[in-house]
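Dear colleague,

Please find below the structure that I am handing over to you. My findings follow directly after it.

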Amino acid sequence: MSIIFHQESQQFHLCNSYISYIITVLPNGELGNLYYGARVHDKTDFSYLAPVRRRSLTAYTNGGPDGFSLQYTRQEYPGYGTSDFRYPSFTISQKNGSRISHFTYQDHRIRKGKDPLPGLPATYVDDPEEAETLEIMLFDPISETNLTLFYTLFLQVPVITRSARFEQRGPSTIVLERALSVCVDLPNDSYDMVHLAGAWSRERHVKTRSLEVGVQSIYSLKGTSSAEHNPFLALKKKNTNEFSGEVFGFSFVYSGNFLAQVEVDSHSMCRVLMGIHPEEFSWPLKKDEAFQTPEVVLVYTKDGLNGMSSIYHRLYRTRLARGYWRDRPRPILVNNWEATGMEFTESHVLALAEVAKDLGAELFVLDDGWFGKRDNDLAGLGDWYVTNFNKLPGGIEGLSSKVEALGLRFGLWIEPEMVNKDSDLFRSHPDWILSTPDRFASIARNQYVLDFSRIEVIDYIYGLIEKLLSCNPISYVKWDMNRYLTECYSRTKDADYQGTVFHSYILGVYMLYERLTSAFPEVLFESCSSGGARFDPGILYYAPQGWTSDDTDAVERLKIQYGTSYVYPLSSMGAHVTGVPNQQVGRTTPLQTRGNVALFGSFGYELDVTKFSEQERSIVRKQIKFYKNYRQLLHAGTFYRLLDPFLKEQAAWMVVSEDQNEALVGYYLILNKPNHRDCLLKLTGLNPDTKYEVSGKPGVYWGDELMFCGLSVEPEELIPPDRDFSSVIYVIKSAM
Ligand code: DGJ
C-alpha cells in the first residue's frame, strides 16, 4: 500500500490503510481526479468514475474523444477557459496577453520520504519510510512552462500533502496571476463547511454552514493569516459529529494572504481551492526561474471532527513543529504584560520574578516596553539595541542575570517586523517601510511595517536580535506582530514586481525565523500577533507555541481554545491565568477555573503575582505542581472535545494518554442554573476493558462505564460549588 501507477490506464492510486486518492491522465492529457475518500481496493482501471457525456450548452476541449469537456470533469489542478468555467487553480499571463494554457502529463517520479519546500514551512518526516512522494510533471508547450504537482502520502495516517511548482523553460517571461496550492473536486455537495472565524480577542470561533450552489469562501487580505479567518476549512457530512462521520480537512501551511473557497456548480459538484490569495498577487517568471506554492495538508477521516483534529494535532506537534522544544516539556512562565503594561521598574519586575520562582514557575518573560523610548506605543519599535535605562538601570543584561540568579530562565518580547515613526531606525531609514510613493502610509498602533521583502532590512534586524540573544542569557522570545499590512509596496522593486510583495514579505518573515532558530536552537520562540492574529501552521513550523488570544477571560478562552483545537495541538496554545476583573471583558471568575482552563495549553501566569493573598498563593502552587505532573500527558495525549461551549452554558474536554492508562477531564459550568439536572458526562478514548479510579470519587469504574453510562459530575465537586464559572478537573488512572 502506497503510491501505485497503472501504466495502461495511466492512473495513480495513492492509498494507505485509511484513504485512497485516485488520479488519472485525462483523454486530453491533463490531470483528472477519480476518487478521494475512504480506502478502496486497488485495481488497474477506475475510468468509469469519469464518464464522458454530451450535454447542451457545453464546450468541448482540444484533445480527447468526441464529447469530452472539462466543464463537468473533476480535475487535479485546473486552468480556466478551455471548457471549464469554474474558478481555476492557476492563471498564467503570457507575452501576447493570453491566459489560456494546456498542461499535459509528461512523466512522474515516486520516491520515499518528503523533501523540504525551499524557503517555506512544511510538514516533514523523521524517517523516509514514513511517507511516499509522487511528483507529476506537466508541460505547456506554448508558454514553455513546466508544472510539477507534489503529493506526499503519509503511510500511517490519513494525510496527503499537496503543493505545486511552476518553472519557466521558454525565453519569454510569464506572469503567474494565480498559483493556488490545491484543487480538490468532489462529486457531490452534501456537506457542511466548517471553519474558524472571529476577530481580535475572539479568534477561531467555530462556524458551520451548509454548502449552497455558487461560491463560498474565507480569506485574508491582511498580509497575515489574520484573527478574522484561519487558513483551514473542513467539509463534513450532515450527520457527522465529533466522533463519527466523514470529514475532509484542508489546512494551509502559510501565514500570509490566503483564499479557501468552495464552489458548488450546477451539477452539485464541489470544488475546493486553497492557496495564496490571487488578489494582490502576481509573480513574473523569467527563463529558468521557478515558483513553489506553500503546501496544503489534506486529512480524510470517518471518525468525525474530533477524529480529524487528532490527526492534525499529532502531525503538527511531531511533523510540523521542529527542533529542541518539539518534544520537551514547555516551561511554566510568568509574563509581566497584564501586570504592568509598559510602566514597570526593575524592582517591580524582579519582585514579580521572585514570587514566580517561589510559586514554582520556570521562566520569567519581560514583555513590551524595555527598549528605546518605549513608555507607550508611540515610540521605540525598531531600536532593539537601546535598552530603556530609566526602567532597567542594568539593561537587559543586568535584569536577565538577576532573573537567572533567582533560578528562573529569562524571556523577552520583541516585535521585529515593525517600526515606530519615533525611532532611530525610522529616522535613518524612512524608506524601509511598506508604503506607496507620494501617498499616505496608514498607521496602526502608531507603527509602520518594515519591508521584509528586502534582504537588507532582514539582515539589519537579524543583526540586532542576534546580538541581543548572544549577549544575554535569553531562553525564550515572544515574537509579536501588532498590525495588518497596508499600502503594500516595496521601494526597491520595479512596477512589474509589486505583485510579489505580500508573498515576499512572508518569505522574509520565514527567513528571519529560520536564521534565528538555526543560530539559537535552544531558544523557545512563541509567536504572537495582537494575540492570535497569526496563529497558523506556517508559524508553527518555527515557533512551537503561539499566544492564542489577548482575551484571557476563562469563559471566553473556553470558546477560543475549543475552536483552536480543531486544528492545533494543546502544546501550541499559549494559555495564561490572568487577574480579575478580566482586562478584556471585566468578568470575575474563580482562580481555580482560570487555572483549569489554562492548563489545557502551554501554561503560565500573567498578572501581578505579588498581590496574591496567602490563600491564592497556595492555590497557584498547587496548580503549578499539578501542571508539572501532567504536562507530558496534556501535550502528548489525545485530546477530545466533550461539551461544546458554543452550544451550551457548559464545556468539557479531556486528554487521554497513548497507553490509555491515564486521562484528565476538564468540566466547566459557565452559567449556573437553579435546581439543575444531573450531569452524566460521557467520556471517550478510554479502554473499555480497563478499570479506572477517578479523583475525588470512591470505587472503580470500567472504561466502558465511563464512556457509555457517563461520569457523574456532582455539583459539590465543582469549585466553587453551585456558582457561575465553576469547574472541576478529574484525574483518571487505571486501577492496578
Ligand atoms: C500584543 C500581545 O498580544 C500582548 O500579549 C502584548 O505582548 C502586547 N502586544 C505588547 O505590546
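Helices H9 and H10 cross in a left-handed manner. This is a predicted model, and in it H9 spans residues 554-564 while H10 spans residues 591-598. Their axes lie 9 Å apart and meet at an angle of about 15°. Angles under 35 degrees count as roughly parallel, and H9 and H10 are therefore roughly parallel to each other.

The crossing of H6 with H7 is right-handed.

I turn now to the ligand. Which residues come nearest to the ligand? Of the 13 residues around it, these are Asp367, Asp368, Lys478, Asp480 and Asp550. By class, the shell around the ligand comprises 6 charged, 4 nonpolar and 3 polar residues.

- Lysine 478: a polar side-chain atom lies 2.8 Å from an oxygen atom of the ligand.
- Asparagine 482: a polar side-chain atom lies 3.4 Å from a nitrogen atom of the ligand.
- Tryptophan 547: a polar side-chain atom lies 3.4 Å from an oxygen atom of the ligand.

The protein buries 97% of the 290 Å² that the ligand exposes when taken alone.

With kind regards

Key:
Residues numbered from 1 in each chain as written. Predicted model: local features only at pLDDT ≥ 70, side-chain atom pairs only at ≥ 80, totals over all residues. Heavy atoms only, no water. Near = heavy atom within 4 Å. Polar contact = N/O pair within 3.5 Å; in protein donor to acceptor, adjacent residues only side chain to side chain. Areas by Shrake-Rupley, 256 points an atom, 1.4 Å probe, with all protein chains shown as cover. Nonpolar A, V, L, I, M, F, W, Y, C, P; charged D, E, K, R; others polar. Left-handed = near helix turned anticlockwise from the far one by under 90°. Helix = DSSP H or I, 4+ residues; strand = E, 2+ residues; numbered from the N terminus. Axes fitted to C-alpha atoms, helices over the stretch in contact; angles between N-to-C directions. Parallel < 35°, antiparallel > 145°, perpendicular 65-115°, else oblique.
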